[in-house]
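Welcome, and thanks for taking a look. Please glance through the sequence and the structure below, and then we can walk through a few spots together.

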Amino acid sequence: MSTLSTLFVTLLGVFPQLIQCCHPLTFSVIDLSHTLESSSLKWPTASDFKFSILARGWVQNKFWYEMNKFDTPEHISTHLDAPAHFSDTNWKLHEIPADRLVGPGVVIDIRDRVVNDPDYRLQISDIESWESVHGTIPKGAVVFMWSGWDSRYPDKTATFNSETPDDTSTFHFPGFHPEAVRWLIDNRSIGMVGVDTPSTDYGQSVDFEVHQIISKANVLGLENVNNLMKLPATGSTIVVAPIKVVDGSGVPIRLLALLNQDGQPLCETNYKDGTCFRP
């Protein structure tokens, strides 16, 4: 019997309800990532993504062989901000514990707020409204701001909401309010914040206060997130897959959400009696 099969049988005996609810054959995977290519969006001060073909073709008509290389800035397309991005003492990319790259997903919908105010920042009141419907945000949660901005990507003018998208002073897009992020860290012990815009700070920020707050708290940031419309407000499991670059301050990622195949939340566990239930 394989190691994986042995583990499954062991878990089945110890946590039968958990296995029934969360068996990997019962869930689907939602891709929350944009692609990484020459048209990928990044901050104007960053270099462009470059892809080069080193070898591509048939070798003596016997087999296909392909190898490429790429040159990329850290903070481009869908990417992870490590705490080192805005902290000189906290985790660099390779120092982030693996268990901090997974967490329960929370999606806070502010689409109606940004229609007439592209500079809107997610408020504590938005969090309170969400919790009044869905319950307390769990510890270690990945809290997403859903503004609908991913539909603009990769149009540079539309995403930065500026006719001069190389001038950062002209940017107008939503983000988190610093007080909302501070509240989530102090009161809910979240693991990550994510946005479908280019920055966790709103476009008009000049001191990137949200970046400073989350970096000092070893909370990870996810930017240019895609497909949040495919997630429920609660119940998903978020998986972040970064390359383990030594001394990195960030990296493009494959960002995934796990859901039941019917599109409902994957599962939640009542830790008092070990049973799984669907919210």
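## A walk through the model

At 46% relative accessibility, Phe-51 counts as partly exposed. Bear in mind that this is a predicted model. Phe-51 sits in strand 2, which covers residues 50-59. Setting aside neighbours within four places in sequence, Phe-51 is in contact with Arg-56, Asn-68, Lys-69 and Phe-70. Leu-36 lies 15 residues from Phe-51 along the chain, and the C-alpha atoms of the two are separated by 9.8 Å.

Stepping back for a moment, the chain has seven helices and 14 strands. Of its 279 residues, 44% are buried. If you take the contacts between residues at least 6 apart in sequence, 71% of them join residues at least 24 apart.

Now to the aromatic rings. A search of the whole structure finds nine aromatic pairs. One of them is formed by Trp-43 and Phe-171, and this pair is edge-to-face, with 5.3 Å centre to centre and 90° between the planes. The two partners come from distant parts of the chain, 128 residues apart: Trp-43 is in the loop between strand 1 (27-31) and strand 2, while Phe-171 is in the loop between helix 5 (156-160) and strand 8 (175-176). Phe-171 also pairs with Phe-173; the ring centres are 6.3 Å apart and the planes meet at 40°, so this pair is tilted. Ring pairs link Trp-43, Phe-86, Phe-160, Phe-171, Phe-173 and Phe-208 into a cluster.

| Residue | Relative accessibility | Class |
|---|---|---|
| Trp-43 | 22% | partly exposed |
| Phe-171 | 0% | buried |
| Phe-173 | 0% | buried |
| His-75 | 17% | buried |

The cut-off for buried is under 20% relative accessible area, so His-75, at 17%, counts as buried, whereas Trp-43, at 22%, counts as partly exposed.

Not counting residues up to four places away in sequence, His-75 touches Lys-42, Trp-43, Leu-80, Asp-81, His-85, Ser-249 and Gly-250.

Finally, let us turn to a pair of helices. The axes of helix 4 (residues 124-134) and helix 6 (residues 178-188) come within 8 Å and cross at roughly 50°. Helix 4 and helix 6 are therefore oblique to each other. Which residues make up their contact? From helix 4 come Ile-124, Ile-127 and Glu-131, and they meet Glu-179, Ala-180, Trp-183, Leu-184 and Arg-188 in helix 6. Sorted by class, this contact has five nonpolar, no polar and three charged residues.

Technical notes
Residues numbered from 1 in each chain as written. Predicted model: local features only at pLDDT ≥ 70, side-chain atom pairs only at ≥ 80, totals over all residues. Heavy atoms only, no water. Axes fitted to C-alpha atoms, helices over the stretch in contact; angles between N-to-C directions. Helix = DSSP H or I, 4+ residues; strand = E, 2+ residues; numbered from the N terminus. Parallel < 35°, antiparallel > 145°, perpendicular 65-115°, else oblique. Contact = heavy atoms within 4.5 Å. Nonpolar A, V, L, I, M, F, W, Y, C, P; charged D, E, K, R; others polar. Buried < 20%, exposed > 50% of the residue type's maximum accessible area, 1.4 Å probe, protein only. Phe/Tyr/Trp six-rings, centres within 6.5 Å; stacked < 30°, edge-to-face > 60°.
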